[in-house]
2 protein chains.
Amino acid sequence: MAQSEGNGQQRHRNAPAAPAQQGRRNPPARPATAGAAAPWQEQLARAVQDGDGAAAGRLAGELHPADLAEFVLSQEPALRARLLGWLPPEQAALVVEELPAPVQSEILAVLDRQRAGAVLEEMSSDEVADLLGELPPQRAVDLLRLLRDREAADVRSLLAYLDDTAGGLMTTEFVALQDDLTAAEAIDALRRLAPDAETIYYVYVVDREERLQGVLSLRELIVAPPDTPIRRIMRTRVVTVPPDMDQEEVARVVAKYDLLAVPVVDAEGRILGIVTVDDVVDVLEEEASEDIYRLTATPEGAAAGTSWLRARLRLPWLVGLLLGELVVAKVIQGFEGTLERVAELAYFIPLLAATAGNVGTQSLATAVRGLATGEIERGEALGVLGRELQVGLLLALVLALTSTGLVYAVLGNGAVAVTVGTAMGLNTLVAAAIGVVVPLALHGLRVDPAVASGPFVTTTLDVVGTLVYFLTATWLLFRVAG
Amino acid sequence: MAQSEGNGQQRHRNAPAAPAQQGRRNPPARPATAGAAAPWQEQLARAVQDGDGAAAGRLAGELHPADLAEFVLSQEPALRARLLGWLPPEQAALVVEELPAPVQSEILAVLDRQRAGAVLEEMSSDEVADLLGELPPQRAVDLLRLLRDREAADVRSLLAYLDDTAGGLMTTEFVALQDDLTAAEAIDALRRLAPDAETIYYVYVVDREERLQGVLSLRELIVAPPDTPIRRIMRTRVVTVPPDMDQEEVARVVAKYDLLAVPVVDAEGRILGIVTVDDVVDVLEEEASEDIYRLTATPEGAAAGTSWLRARLRLPWLVGLLLGELVVAKVIQGFEGTLERVAELAYFIPLLAATAGNVGTQSLATAVRGLATGEIERGEALGVLGRELQVGLLLALVLALTSTGLVYAVLGNGAVAVTVGTAMGLNTLVAAAIGVVVPLALHGLRVDPAVASGPFVTTTLDVVGTLVYFLTATWLLFRVAG
């Protein structure tokens with residue numbers, strides 16, 4: 001267990017240096033997030049522009065890495081690496097960890113090799129692995145050579161895990177102690193082990209084969225009589241996750257049990273790393289954005305970059321959907337005879353399409369969110385579908401009657417009113433079914449159910465719904481009514 | 001500062017009793033979330049049904065409160081209170097804290113008065129305040145009388161804050177120490193103060209007027225020479241939030257600075273409580289669900305309850321939107337002359353409506369998510385609108401040309417193709433503008449921007465877009481072409 005020996009390099013990523021290294025001088029009031037142009041930003045920007053490294057370093061020393069990262073992002077790309085070149089490697093590492101991946105690699109490409117190595121050395125192993133995964137292989141191998149052997153080995157082992165699994169999310173910086181230590185020896189070990197760790201989330205206890213035996217809080221260590229073996233005071237039932245668990249599921253475990261960190265263990269029960277709650281918070285935000293963007297067919301990059309880039313990202317989706325609607329146009333054209341004889345049918349095309357779309361989107365949102373929060377568990381698919389069809393049937397009945405009544409009131413044409421009402425009932429039922437079947441099926445195939453975006457479901461419903469409408473009309477108005 | 005004296009009742013809500021009190025007996029592997037019908041659930045259900053309190057208590061003693069709460073929810077309402085009546089009040093309190101508000105009040109209504117009081121006494125003050133806020137006033141006053149004076153005072157002060165603010169989210173159970181203590185005295189105080197607290201998130205340091213002076217980690221206390229005054233080792237710059245800050249903003253502060261807890265302070269700098277990261281995780285999940293449901297006009301309760309209840313919740317939205325589409329029908333009817341002369345116009349009504357809807361929904365999603373994650377800050381509204389209009393203009397140009405070409409290819413009618421293309425360009429621009437103006441305006445008015453749900457925006461766009469389409473057609477086909 002690399003982490004259980006004192007090498008002076010243990011460090012918890014994002015550990016609460018936080019509550020203190022804040023960009024404000026006055027006593028506690030509001031966080032630095034509020035003001036858009038606080039004086040320090042202007043001063044620091046001037047120092048960076050003037051090339052005044054001493055002044056910039058002094059100003060930066062007072063700031064929280066999260067605020068510094070925000071500042072770095074607000075600068076021209078050419079100036080970003082300049083500021084980071086002036087900071088001590090430990091501080092630069094904390095700032096780099098807060099930056100988005102493309103900016104990280106941009107900066108590491110510009111920094112000179114020695115400096116880049118020093119910054120990487122100070123970063124936590126999971127961040128280094130994520131970053132190297134983004135770089136061209138040649139550059140990644142080159143940078144990996146700059147790391148000390150143990151750190152490089154940690155990073156290499158992390159590179160083996162998929163990004164969005166527990167293994168990809170975990171850090172190898174945690175504290176694990178042998179189970180035969182006494183409470184006093186354990187406290188001494190912590191003093192030696194974690195000189196940079198501000199918060200020790202939990203103290204893990206392992207046996208000689210490095211298998212996880214239990215967990216301790218720092219408080220329990222302090223309260224225990226000094227010569228008690230920690231084996232006697234640790235808690236032995238521990239919530240753990242396997243390295244291949246999906247990050248969304250890991251987030252749900254941490255949220256459910258209100259943990260500050262969860263250990264990742266292999267099949268033999270050996271602890272490989274821990275996933276900390278701050279990473280879980282990031283995962284939840286990321287997955288929520290992802291769900292919303294996918295549900296609305298909005299590409300993820302569409303919120304940043306030049307207007308042309310944003311438009312270019314959005315266009316393929318829009319043009320694809322437009323082609324779907326062209327199919328709808330062909331369907332209507334196929335019924336031109338019907339439409340010629342009863343022109344009023346055209347008035348209610350949008351009404352039918354929109355209502356089916358709304359029903360389908362509601363079903364979709366309910367299913368996607370239920371899957372995301374774990375309210376719908378694997379294996380419950382049939383029950384969920386059955387319930388949604390019941391709901392769909394009730395909606396279909398009410399909407400069919402309502403629209404028949406409304407169309408009759410507006411148009412005074414009973415035959416068209418019954419046609420619209422009948423099509424409305426059928427379409428509503430189809431919409432409820434498609435809205436819930438698609439995400440459940442994707443989930444069953446282990447594909448993120450949110451890829452079944454709302455617009456794709458509604459476009460499909462437009463095609464099906466228009467067909468149902470004109471078939472109903474042709475049948476009711478001509479075959480039945482004569 | 002109530003919290004700084006040792007009364008044997010300090011407790012951190014949801015504190016990591018978690019990593020250990022888990023419902024599994026075997027050594028660490030997977031968390032208990034996986035299996036749907038692990039044997040303990042069946043055994044416990046049988047014990048509850050048979051009225052075997054001893055067996056139920058023994059089984060429950062091995063379980064995590066989160067798992068027990070899940071079990072309670074799976075039981076018939078009549079049996080829920082029975083199990084909780086058998087548990088020791090401390091354990092019952094932890095389970096009740098994990099239950100949704102309606103079930104909490106249902107159970108407290110059934111438990112006898114003494115027992116209800118004992119459970120409330122053990123719950124954290126913010127949970128009690130939330131719960132009492134949900135009960136009928138008479139019952140709330142009655143239960144409040146059962147609490148010890150200090151606990152009751154804490155609860156009453158919390159009742160004054162709005163649910164979705166920092167004040168409504170905070171707990172009054174935190175550790176604050178006077179700044180003139182030494183490190184050794186502080187550790188002694190912690191031993192006395194927090195007998196039930198498993199994790200001390202941070203140790204806050206206050207002056208004689210209870211104003212927040214700084215913050216310490218437990219580790220810093222242990223490492224410091226025993227006779228150092230904590231004033232000398234604490235960090236003095238602390239991220240804090242005011243009690244009236246919106247919970248979404250509090251979550252963003254905690255996420256940005258990777259905090260485990262953030263202190264809530266009043267205008268004089270006195271610490272009122274702390275918001276812990278586990279509550280922030282809940283807020284993030286809640287707000288993401290809320291955004292998704294509102295964006296899709298899905299009422300929040302629509303994922304639970306009987307089919308009839310679900311349908312009834314969804315219907316008002318659907319019927320409201322249907323009325324909007326009836327306006328679209330009237331618009332088309334108003335142009336019946338145009339439609340009679342060029343029947344092909346009807347084919348492209350869904351194409352135009354759907355594309356405008358898709359563009360509007362993309363703009364809406366980008367704006368709503370940007371506001372939710374803080375990427376769009378207050379005061380940037382004009383810049384965001386300007387950028388979105390640029391994007392809209394580019395989309396309008398490309399979509400106008402594409403649809404002109406496609407319609408011509410499908411129909412071979414140049415005049416209709418140009419009409420559709422022109423209307424497409426105009427509608428796309430309007431859609432991009434409405435999709436971003438509505439949420440920004442609502443945000444400016446301090447209304448949650450997600451209430452501008454996608455379906456309402458698309459229905460509005462259907463009305464506007466259809467009008468634009470037929471006006472364009474009437475003008476281009478008859479006035480211009482003759």
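Contact here means that heavy atoms lie within 4.5 Å. With that in mind, chain A of this predicted model can be read through its contacts: among those with a separation of 6 or more, residues 24 or more positions apart account for 71%. The secondary structure of chain A comes to 22 helices and five strands, and of its 482 residues, 59% count as buried.

From chain A the reader can turn to its meeting with chain B, where 130 residues of chain B are in contact with 130 residues of chain A. The size of an interface is often given as the accessible area lost when the parts come together.

Between chain B and chain A, 24 residue pairs are in polar contact, both partners being at pLDDT 80 or more, and six salt bridges are found across the interface. In a salt bridge between B:K256 and A:D67, the side chains meet at 2.7 Å, N to O. Helix α17 of chain B, residues 307-334, gives the most to the side of chain B that touches chain A, with 19 residues. Taken as a whole, the residues of that side divide into 77 nonpolar, 23 polar and 30 charged.

Definitions and conventions:
Residues are numbered from 1 along each chain as its sequence is written. Chains are lettered from A and ligands numbered from 1 in the order in which they are written. This is a predicted model: local features need pLDDT of at least 70, side-chain atom pairs count only at pLDDT 80 or more; totals for chains, interfaces and linings use all residues. Side-chain values use heavy atoms; hydrogens and water are left out. A salt bridge is a side-chain nitrogen of Lys or Arg within 4 Å of a carboxyl oxygen of Asp or Glu. A polar contact is a pair of N or O atoms within 3.5 Å; within protein, one must be able to donate a hydrogen and the other to accept it, and residues adjacent in sequence count only if both atoms are side-chain atoms. Helices (H or I, at least four residues) and strands (E, at least two) are DSSP runs, numbered from the N terminus. Ala, Val, Leu, Ile, Met, Phe, Trp, Tyr, Cys and Pro count as nonpolar, Asp, Glu, Lys and Arg as charged, and the others, Gly among them, as polar. Buried means under 20% relative accessible area, exposed over 50%, partly exposed in between (1.4 Å probe, protein chains only).
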